Amino acid sequence: MAEDGTPDLPAPPDAANRPRIGVDEWVAQVEGRRARYRGLRGALLERFERLPLAARFALFLVPAAVFPLLTNQGNVFRYGLFTLVYALLALGLNVVVGFAGLLDLGYIAFFGVGAYMYGILASPQFNNHWQAEFAIPVVVLVTALIGLLVGLPSRRLVGDYLAIMTLFFGQAFVVFVNNANRINFPFFGHVDLTGGANGLPNIDPLNFFGYKLQTTNEQYYLLLILIAFVLVFLYLINQSRTGRAWRALREDPLAAELMSIPVNRLKLLAFVFGAAVAGLTGAIYGTIATAALPGDYDIGLLITIYAVMILGGFGSIMGIVLGAVIVSSVPELLRSPGNARPIFYGAILLTLIVKVRPWRRLAAILAGLVGFGFAVHAIAHAAYPRLVAGSAQGSDRFAHALNHWMLYPNNPGKIADVAYVVLVAGIVILPQLRPLLRTVLLVPLFYLVMFVWENLLLEQISGATRLILLGALLVALMNARPQGLFGKAYVEIV
Amino acid sequence: MPETPLLELRGLGKAFGGLQVIDGLDLTVNEHEVVSVIGPNGAGKTTLFNLITGIYRPDEGEIRLDGANVVGLPAHAITNLGIARTFQTLRLFLNMTVKENVMASQYGRTHVGVLRSMVRTPAARREEREIQRRAEEKLAFFGERLMGYRWDQPAFSLSYANRRRLEIARAMATEPRLLLLDEPAAGMNPHETHEITELIGRLREDGGHTILVIEHDMHVVEGISDRVVALDHGVKIAEGSFESVATHERVIEAYLGLGAKEAG
Amino acid sequence: MDWSLFFDLTVSGLTLGSLYALIALGYSMVYGILKLLNFAHGDVYMIGAFIGWFALHGLGGPLKPDVGAWFAVLGMFLFAMLGCGVLGVAIERFAYRPLRNAPRIAPLISALGVSIFLQNSALLIFGAAFRDYNTFSLIGGKTYNYGNLYLSVPQLMTILGALGLMLALTLFVSRSRVGKAMRSVAIDREAASMMGIDVDRVISVTFFIGSALAGAAGVMFGLVFGQIYQFMGFIAGLKGFTAAVIGGIGSIPGAMIGGLVVGLAESYATGYLPQGSTFQNLYVFALLILVILLRPSGLFGRAVIQKA
């Protein structure tokens, strides 16, 4: 019995997945502690949360500040700049989605508006060459204003309608910038506003009071300083009455409204705030890329930024920075097959180690996998030589070893396509089977995964494969941890 | 009575589809009064609360708070004018801490905007301290129940009775003149019910609140009410002291279902 | 007024509208039951078009089908509808069912993940090139005309086929046991489950039917326009959803009317509005905003009463 006399309710077996009405506080406490601090990640999170605030910021900012000193400009550009741009975008998006609970799928359009606006104010297109200290405030204000205009009609809409409205807005933006070079505007006549499909080229570098930021390092540090400011601002807002009101309305908009919180106004505020951050990032990105191209502001980037935010965990400011590091660097690393293979096999091994217990079962599966491969290879070698006529990509020792274990058909095309479809079907069907059969089939399935990887995915590593992995990752992550990798478990009463 | 009542409903009506849920209702609540609304399920009690707090807009009639019509105002504005409520079904901000729940509902009573809290000006700090203080004060109203280590626990970890208490604390933090309590004793055991009865008395005596309460438990109603109003099918069927309403013929009919036969 | 242009636009609007209506039905049924925005639906439609193409080539190709041309067309529809139906059920099982009690945003993200997964899987397997249905060789280029009204065979087939499918669906939902179960699950899932309805099965059936309709729409698109490609699902899905919202999401007749409204609006915008052939999607968007502002619950939707 609890101290105030309410009888304890027995916890149902699937308690973790259900709304916890009526669960006694002791049970909830213990469950909460278990959910939050389990395993290595839990231990790290706990350590992290005990650090004083300044130390937490330093933990991110110091390595980031040192990074350009340790590597060359190419790496700073490829890894550093993009990580920071992603982080900044995700931080803005997090205000909209994580704090206020609005699903904004037109977010990237504001990023695009920022870049194009800056291009219009500072490039040869209209022969404007504004200095950054004037251009950036104007760009931020204009994007905020556009955010207000898009947000106003969405105000009375329920979440999902807002999603579709903003998705359409994002699409409309892409169509518009692709074709705006052909429009006859009322009053102005024909104006080539956006350069159409070729984009706005030759955007000026950022020019603060006559000082031009041109090198990658300068741009990197500017972004880093900006992120530091945004992090501090967001932290302070989160602690303030506005932050509390955002969290309250995300929990229960109706109750929030009745507790004197103007829900619509605050939603709009979050939406506009997000748009302004995206616009600011866009302006800076435009000067880094020195051009505004319509293809940069499409659905692909939107999904990437969502992936950053989700990995980080909704509403968790620090997690997002980490998410940006992962999302920006992993695909870059995957780009070359030499890196991609170790990452892929490492990830598979790690999944097995984490997911399969006890270790005897893990050992059995691994041994089975090795044996299965040699057996299949031997059978194919004897019966269908065509299946082993090809060879693995690369010439390192690992690739040589693979040649004796994995099937490499001479011209994998159709076989690999079929294998891919079978693989996807297998992954869907496997969880529906009985446990014993599942364990037995796990070995050929993993072999099939590697077959498809070696013969199909590795070929397309810089194109479709990365996005396939990203999509699969999103689905898997939502299945395993809907609150994101570093987010806290979230209780919701449906 | 010469002075204006705190809350005055005149000819209030609301229909959903063809169903008249509230029909020509007149009701007044005077300052420092505790009025109970009783009636069988479906009598329109919760709808009445939803109309007063601005969740629904009435089809006809007026809702006057201190003489000023509030019909058509958004719900948060009505709360700011001084009407706060609790929910029968409990709608706490479950993932926020106990203290944060009470701090969040002070939004309408505070003023520091985003820009000032972004750089944390002295005024912002002062106001934040004030919000903290007031939250602690409201929570202290419930004795030990919501104090100490519980401040920083998420609301979902509270027991059912404590959730009901926190709902009341959260509503009190909006500094209302009129507090609407929707079945505060629902689902509570006799001991807790007794405590709630006392609490409502203290809310009036110490807190100075005027209270309109929906309640099914007749012991609670008897213990707290200055006046009782009985509703059935959206119509006021009796009003007066607890004794007079509880023994009123039509009220007994409504509860026992004889009225339906005669009316049909 | 140029009547022949008007008739042309009307016919192509009705054709497009039929496709959108079929897609919208899937969105609307799923939304009605799960309150879930199934972003992957447009990609199911794309996969349907590809299954149709493979079925056609499996049956001997458009130039010399092994069976009669009409049987080939029938086979394409059957395979596409069956394949997409199964795909839809699998998506629900894998990506949505584990998330029923998760925060509202989780299944949306999951849906987004499925969508990019399907799009890029298609890119991986089918390649980036357009695929040709070669309808002309398959069923000839015959057109029917009544005065100024010209109708090609695929257009006629699409409009009539969509009409037939929608009629069948309406009968199914209003008459059959499963259909009635679907309606009751849409009204209150928990209560339905307490009344002994197998909610999981009903949801699976809903996904099967919705996805099968999208698959049929995919094949129709291929037959009418000749060419199919990987990214055809995105915009079509968006329009299908728009149609569902305009009609009133969750309502089956609403989805049908909404589809026709969007199709006709797009077609007339292309013909009559300034720079319509470039910006027809923007005009559809404007229409959506207008409808949402004037009637947030759509043309056929019912206003929802908030519970307190």
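What share of the 494 residues in chain A is made up by buried residues, and which residues of helix α12 in that chain meet helix α13?

Author: The model is predicted, so local features need pLDDT of at least 70 and side-chain atom pairs count only at pLDDT 80 or more, whereas totals for chains, interfaces and linings use all residues. Residues are numbered from 1 along each chain as its sequence is written, with chains lettered from A and ligands numbered from 1 in the order in which they are written.

In chain A, 41% of the 494 residues are buried (20 or more other C-beta atoms within 10 Å of the residue's own, with C-beta atoms placed from the backbone). The chain contains 19 helices and six strands (DSSP runs of H or I, at least four residues, and of E, at least two, numbered from the N terminus). Of the contacts in chain A with a separation of 6 or more, 71% are between residues 24 or more positions apart (a contact being two C-beta atoms, placed from the backbone, within 7 Å).

The part to examine is a pair of helices in chain A: α12, residues 299–312, and α13, residues 317–334. Their axes come within 7 Å and cross at roughly 130 degrees (lines fitted to C-alpha atoms over the stretch in contact, with angles from 0 to 180 degrees between N-to-C directions). The crossing of α12(A) past α13(A) is right-handed (the near helix turned clockwise from the far one by less than a right angle).

From α12(A), the residues that take part are Thr304(A), Ala307(A), Val308(A), Met309(A), Leu311(A) and Gly312(A). They meet Gly319(A), Ile320(A), Leu322(A), Gly323(A), Ala324(A), Ile326(A) and Val327(A) of α13(A). By class, this contact comprises nine nonpolar and four polar residues, with no charged ones (Ala, Val, Leu, Ile, Met, Phe, Trp, Tyr, Cys and Pro are nonpolar, Asp, Glu, Lys and Arg charged, and the others, Gly among them, polar).

Chain A also meets chain C: 42 residues of chain A are in contact with 42 residues of chain C. On the chain C side, at least two residues each come from α3 (69–96), α4 (105–126), α10 (232–247) and α12 (276–294). The largest share, 15 residues, belongs to α4(C). That side of chain C has 31 nonpolar, nine polar and two charged residues.

Terms used:
A residue is buried if 20 or more other C-beta atoms lie within 10 Å of its own, exposed if 12 or fewer, and partly exposed in between; C-beta atoms are placed from the backbone.
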